[in-house]
Amino acid sequence: MIGISVYLSKEDEEFNQKWIEKAARNRFSSIFTSLHIPEDDTKSYKELLFHLGSEAKKHQMDLFADISPKSFKYLDMDINNVDQLLEWGITGLRVDYGLSLEEIVQLSKKMRISLNASTLTDEILEKLINKGLNVDNTEAAHNFYPRPETGLSREYFIEKNILLKKYQIGISAFVAGDGVKRKPLYQGLPTLEEHRDMSPVHACLDLKKNGLVDEVYIGDPSLADETLEKFSFLTDGIIPIRYRGEIRPEFAVFHTYLENVQINRRDPARDLVRFGKSRIDLHDNENLNPAHTTDRKKGSITIDNNKYGRYAGEIQITLTDLKQDDKVNVIGEVIPQDIPLLDFIDGGSQILLQKVM
């Protein structure tokens, strides 16, 4: 599950609409927005929220809104009449400061709610559950942190997520975007400080694999088009990795072969990603003579040549620096920016190698 963030303002309405359309085309499934409404702009916010809800329904995306008691007041609503928000297309509310435990419990019985994952404690959760919290309707979302140096540490983040998993509560967190940054600081909106300058794809994979996170939101209001496309692959469980191919006529057939999604063997090697099916497909290829048998640094894309007998044709990606082997041809290398993505390839992982110039 991957979502975007949309920030309501009249001047950004057209920009937001295009952002939502792009995200929906690339398989994003949810939207986060804030309803901390300026007191002098309540009429405009109600209109903008209604339009945002309409866009969410149009693209079949969930819409979660961060809300406060003042927001309810400015919208001429309270926790007793949130049905109108559901009609507008808001599928859930992130609740935090200002609402009592009793009010949070009451809301959980009417719609999906998201608690503040960054500040929850065992004591608060136990009190909520004892008061009748609908856990099946409850999620938890971490904050994002606009100012550099204020994001969470990994240790604190994991500690909170272990607590939430104990209660079987779904967890979401934010990564920074690499398109237009959120004003006024324009420094990214991640949950973890170490993710602030990390590529969104890398940060997302890290949260999913190492952070116990169920859903990732892009905190900033856009992504680069190339990155958007990568997230569409992630939604399908495919890790897209860019590489530069060694330009040799005899290697062209192998680059063509790599245009398709590949699968790492389910019994993963320590040192290599192994595309096991490639050996069957390419074993009898006439271009498997020894060629470009150079040193294999981490991220080298290789194919075993006919000196390796029955292994001939197996394509691999090195996960560590390996010495030269005259039985192994080096046909390309992962670009430096995508080397960190290799750490997220497990047994059975799907990979798409994308050749770049």
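Predicted model: local features only at pLDDT ≥ 70, side-chain atom pairs only at ≥ 80, totals over all residues.

Let me begin with helix H8, residues 200–210, and helix H9, residues 225–235, which pack at an angle of about 25° with their axes 10 Å apart; here helices are DSSP runs of H or I with at least four residues, strands are runs of E with at least two, and both are numbered from the N terminus. The axes are lines fitted to C-alpha atoms, for helices over the stretch in contact, and the angles run from 0 to 180 degrees between N-to-C directions. That angle makes H8 roughly parallel to H9, a label given to angles under 35 degrees, whereas over 145 counts as roughly antiparallel, 65 to 115 as roughly perpendicular and the rest as oblique.

Residues are numbered from 1 along each chain as its sequence is written, and side-chain values use heavy atoms, with hydrogens and water left out.

Which residues make the contact between these helices? Pro 200, Val 201, Cys 204 and Leu 205 in H8 meet Thr 227, Lys 230, Phe 231 and Leu 234 in H9, contact meaning heavy atoms within 4.5 Å. By class, the residues of this contact divide into 6 nonpolar, 1 polar and 1 charged; Ala, Val, Leu, Ile, Met, Phe, Trp, Tyr, Cys and Pro count as nonpolar, Asp, Glu, Lys and Arg as charged, and the others, Gly among them, as polar.

Compare helix H1, residues 13–25, and helix H2, residues 42–58, whose axes come within 10 Å and cross at roughly 20°, so that H1 and H2 are also roughly parallel to each other. Glu 13, Gln 17, Ile 20 and Glu 21 in H1 meet Leu 48, His 51, Leu 52, Glu 55 and Lys 58 in H2, and this contact has 3 nonpolar, 2 polar and 4 charged residues.

Now to Ile 218, in strand S8, residues 215–218. Is Ile 218 buried or exposed? Ile 218 is buried, with a relative accessible area of 0%, where buried means under 20%, exposed over 50% and partly exposed in between, using a 1.4 Å probe and protein chains only. The contacts of Ile 218 include Phe 28 and Phe 231, and Phe 28 in turn touches Phe 231 as well as Ile 2, Met 61 and Leu 228, among others.

Conventions. Lists of a residue's contacts leave out its neighbours within four places in sequence.
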